[in-house]
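This briefing looks at where open space is left in one protein model and at which residues surround that space. Please have the sequence and the structure in view while reading the points below.

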Amino acid sequence: MDYTNKLVLAPMVRVGTLPFRLLAAEYGADITYGEEIIDHKFVKCERVENEVLGSTDFVERGTDSVVFRTCPLERDRVVFQMGTSDAVRALKAAEMVYKDVAAIDINMGCPKSFSLSGGMGAALLSKPELIHDILTTLKRNLNTTVTCKIRLLGSSKDTVELARKIEKTGVSALGVHGRKIKDRPRDPAKWNEIADVVSALSIPVIANGDIFEYDDFRRIQDATGAASAMVARGALWNASIFSAKGKLPWEDVKRAYVRKSILWDNDLKSTKQTLKEIIMHYSCLELAEGKNVIKAENLSDLAKLYGEGDYYNLVLSNRY
């Protein structure tokens with residue numbers, strides 16, 4: 001993986017599934033992170049070649065629940081992000097998928113309670129020995145790119161110290177979200193503290209935080225010196241943020257996402273959650289569109305809602 005001047009789609013729970021990743025890539029994303037997958041759940045999966053869709057699915061044993069879906073179209077840019085608190089379990093999970101993706105990334109930045117309570121995500125920031133164990137175990141045993149993504153610590157000095165320890169594990173790049181655990185999305189990202197990390201390391205740093213327009217990719221790189229830039233909410237609200245030609249109307253992007261979700265038989269809950277997030281940013285869930293998304297019982301309902309009923313029927317007829 002090359003991390004020089006790349007536009008990167010950040011990992012987003014219930015959003016970063018295959019259709020959204022492919023859509024972002026069509027608009028110009030160079031690297032696309034999948035949603036965080038917890039190792040406990042992933043090791044209970046089996047790898048299945050989905051001949052109908054042309055995808056590779058990791059399905060929870062004993063169920064039809066697809067935990068992770070990928071395809072050859074994204075093989076060279078998709079990053080499998082894992083939530084873990086144990087090196088052995090992380091390796092077991094990574095060994096199942098690393099040949100199907102471009103890189104393995106360890107989530108060390110999620111501040112949500114489910115991650116923290118399980119010793120994952122941002123809980124790792126205070127456990128440098130465990131970080132070292134996880135990352136060196138992966139590097140030692142896998143012939144693939146290994147990275148991780150962190151948040152800022154209490155002080156810039158502490159963040160730099162941790163980043164230097166991470167660099168010594170041999171990871172190929174480090175993602176840095178310019179907020180601390182206690183910060184909320186409305187709090188400005190601290191680009192100056194990302195810059196401190198960049199100046200202290202020799203490996204590429206991927207800067208993340210407060211990218212809402214295409215020009216912000218260059219702005220954050222200029223301000224921090226980072227090798228690449230990563231966007232989350234800005235891409236969620238309009239995936240065409242990656243296009244140098246400028247954003248498309250959000251209604252058009254939303255319909256394109258629905259079409260991709262139909263084509264790749266995306267999980268209904270994931271599809272609805274993504275649509276709701278977009279609607280809440282631009283409009284309101286209490287209006288007709290939002291209510292209809294909420295009560296949709298299948299992808300067919302969503303296809304009809306967005307005027308894609310004929311496309312839905314065409315896809316199904318070609319599929320079966």
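This is a predicted model: local features need pLDDT of at least 70, side-chain atom pairs count only at pLDDT 80 or more; totals for chains, interfaces and linings use all residues.

Sorted by class, the residues that line the second largest pocket comprise 10 nonpolar, 5 polar and 10 charged ones.

**Second largest pocket**

- The space in the second largest pocket comes to about 640 Å³, and of the 25 residues in its lining, Glu35, Lys41, Val66, Val67 and Asp267 are the closest to its centre.
- Two or more residues of this lining are given by each of α1 (18-27), β3 (37-38), β6 (66-70) and α11, with β6 giving the most, namely 4 residues.

**Largest pocket: extent and centre**

- For the largest pocket the computed volume is about 980 Å³.
- Its lining is made up of 36 residues, and those that lie nearest the centre are Pro11, Met12, Lys112, Arg151 and Ala232.

**Largest pocket: make-up of the lining**

- The strands β9 (145-152), β10 (173-180) and β12 (228-231), together with the helices α9 (233-237) and α11 (268-282), each supply at least two residues of the lining of the largest pocket.
- Among the contributors to the largest pocket, α9 accounts for the largest share of the lining, with 4 residues.
- In terms of residue class, the lining of the largest pocket consists of 16 nonpolar, 8 polar and 12 charged residues.

Note on methods
Residues are numbered from 1 along each chain as its sequence is written. Side-chain values use heavy atoms; hydrogens and water are left out. On a 1 Å grid over the protein atoms alone, a cavity is a set of points where a 1.4 Å probe fits but cannot get out, and a pocket is an open set with protein on both sides within 12 Å along at least five of seven lines; lining residues have an atom within 4 Å of a point. Grid points are joined across faces, edges and corners, and a volume is the space filled by probe spheres set on the points. Ala, Val, Leu, Ile, Met, Phe, Trp, Tyr, Cys and Pro count as nonpolar, Asp, Glu, Lys and Arg as charged, and the others, Gly among them, as polar.
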